[in-house]
Amino acid sequence: MNGLRRLLTQLVLDYLSNKKGLDQPIFRLLESVVRELTDDAEFAFDSIERVGRGAYTILTRSAANPDTPLPIQTASQGTLSILAIFGSIYSFLHSLRPDAKPEELLKTPAIVIIDEVDAHLHPSWQQKIMAILTSRFPDAQFIVSAHSPIIVAGCDRGEVSVVRGQRKQRDSTYNG
């Protein structure tokens with residue numbers, strides 16, 4: 001989960017260094033993705049608070065906790081995986097084009113490779129993930145691996161290629 005830790009650290013740094021606080025493109029992107037996957041229109045980043053000398057906690061609200069913000073770390077493994085995937089892609093694109101406007105940044109051409117995109121995701125999320133990736137990053141080409149056939153079920157015609165290794169030819173003669 002080093003990717004998630006880097007993302008959370010970057011979110012805190014972005015929050016602290018920007019006068020817009022939580023009203024920044026990265027926060028809006030992550031909120032919209034989680035809302036779409038979970039069908040929870042209430043999901044939102046609530047605040048970022050200092051805890052101790054150098055630690056911070058990122059608090060979120062959702063339909064399940066509308067009155068009491070909870071630390072993002074209490075979210076499901078699937079939610080945290082989604083945050084890491086989308087946050088990492090956004091951060092990478094931002095590093096390529098730091099002066100781009102948010103709407104231009106999301107349309108940056110890129111090749112994105114994701115190993116085991118289905119890991120930790122609920123089956124209904126597995127079916128939605130590719131459509132959400134391609135809608136949020138329309139000019140990116142995604143190369144993903146997955147163990148779940150449900151990922152393929154969520155793809156459009158022409159979006160899936162099956163890659164198989166070459167099998168060794170067996171000698172069909174019997175020497176016994």
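This is a predicted model: local features need pLDDT of at least 70, side-chain atom pairs count only at pLDDT 80 or more; totals for chains, interfaces and linings use all residues.
For the record, strands are DSSP runs of E, at least two residues, and helices are runs of H or I, at least four, numbered from the N terminus; two strands pair if DSSP finds at least two bridges between them. Next I checked S1 against S2 (residues 55-61) and got antiparallel pairing over 7 bridges. Alanine 44 sits opposite arginine 61 in S2.

**Ground rules.** I number residues from 1 along each chain as its sequence is written, and side-chain values use heavy atoms, leaving out hydrogens and water. Local features need pLDDT of at least 70, side-chain atom pairs count only at pLDDT 80 or more, and totals for chains, interfaces and linings use all residues.

**Helix H2.** I then listed its buried residues (under 20% relative accessible area, 1.4 Å probe, protein chains only; exposed is over 50%, partly exposed in between): Ile26, Phe27, Leu29, Leu30, Glu31, Val33, Val34 and Leu37. They pack against H1 (2-17), S1 (44-51), H3 (77-96) and H5 (123-136), contact being heavy atoms within 4.5 Å. Just after H2, aspartate 39 has a positive phi of about 60°.

**Isoleucine 111.** I found isoleucine 111 in strand S4 (residues 110-114). It counts as exposed because its relative accessibility is 58%.
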